[in-house]
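Please work through the following exercises with the sequence and the model side by side. Try each task before reading its solution.

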Amino acid sequence: MEKLEHIGIAVKNLEESNLLFAKLLGKPHYKIEEVASEGVRTSFFDVGGVKIELLEATRPDSPIATFIEKRGEGIHHLAFGVNQIENEMKEKSNAGFSLLAQQPKDGADNKRIVFLHPKTTNGVLVEMCEDRN
Ligand code: ZN
């Protein structure tokens, strides 16, 4: 893992949360992006190089909708930037972590991403992400 890239926060209403986080952080979000394949709409804030990613469900079967139903709004995942995501996946898998997918998927913010199952990471959903070029 190279760095903490962003912190993902599940929210019910992206517009309202954008205003709330702008007030909290003292700056507005710098972009909004929809990832249709994941059923999410995201917005991004930059806090000294670490991003805050707000995530809103765009359909009832979105993983974010399921998360909010079970646990309410709040921290959803930690994302770590990696180089050579396929190698990291092999390494983490060999080290006993369980991957939620066998191939990286396209995520928001021009990234290829994969998640580690929280049951193997002390209950924390961990994302590994790599810049898509
Ligand atoms: Zn993320």
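Predicted model: local features only at pLDDT ≥ 70, side-chain atom pairs only at ≥ 80, totals over all residues.

Residues are numbered from 1 along each chain as its sequence is written, and side-chain values use heavy atoms, with hydrogens and water left out.

**Exercise 1. The metal site**

Find which residues coordinate the zinc ion, and work out why the arrangement of donor atoms is irregular.

Step 1. Donors are N, O and S atoms within 2.8 Å of the metal (3.2 Å for Na, K and Ca), and since water is not among the atoms, sites may look incomplete. By this rule the zinc ion is coordinated by NE2 of His6, OE of Glu53, NE2 of His77 and OE of Glu127, at 2.1 to 2.3 Å.

Step 2. Around the zinc ion the four donor atoms subtend angles of 84 to 167°, which makes the arrangement irregular.

Step 3. Along the sequence, the donor residues follow the spacing H-x46-E-x23-H-x49-E. Helices (H or I, at least four residues) and strands (E, at least two) are DSSP runs, numbered from the N terminus. Because His6 lies in strand 1 (residues 3-10) and His77 in strand 5 (residues 74-81), the pair ties together parts that are 71 residues apart in sequence.

Step 4. Buried means under 20% relative accessible area, exposed over 50%, and partly exposed in between (1.4 Å probe, protein chains only). His6 is buried at 4%, and His77 is buried at 3%.

**Exercise 2. The faces of a helix**

Determine which residues of helix 2 (residues 63-71) are buried, and how they are placed around its axis.

Step 1. The buried residues in helix 2 include Ile64, Ala65, Phe67 and Ile68.

Step 2. Taking the arc as that of the directions from the helix axis to the C-beta atoms, the buried residues of helix 2 fall within 160°, so they line one face of the helix. As background, an α-helix has 3.6 residues a turn, so residues three or four places apart point the same way.

Step 3. On the other side of helix 2, Glu69 and Lys70 are exposed. Contact means heavy atoms within 4.5 Å, and what covers the buried residues of helix 2 includes strand 1, strand 3 (40-47), strand 4 (50-57) and strand 5.

**Exercise 3. A charged pair across the chain**

Locate the partner of Glu5 in a salt bridge whose closest N and O atoms are 3.4 Å apart, and decide whether the two residues are buried or exposed.

Step 1. A salt bridge is a side-chain nitrogen of Lys or Arg within 4 Å of a carboxyl oxygen of Asp or Glu. The partner of Glu5 is Lys111.

Step 2. This pair links distant parts of the chain, with Glu5 in strand 1 and Lys111 in strand 7 (residues 111-116), 106 residues apart. Both Glu5 and Lys111 are buried.

**Exercise 4. Another pair**

Describe the salt bridge between Glu130 and Arg112.

Step 1. The side chains of Glu130 and Arg112 meet at 2.9 Å, N to O. Glu130 belongs to strand 8 and Arg112 to strand 7, 18 residues apart.

Step 2. Glu130 is buried, with a relative accessible area of 14%.

Key: Tetrahedral: all angles 85-135°; square planar, octahedral: opposite > 155°, others 65-115°.
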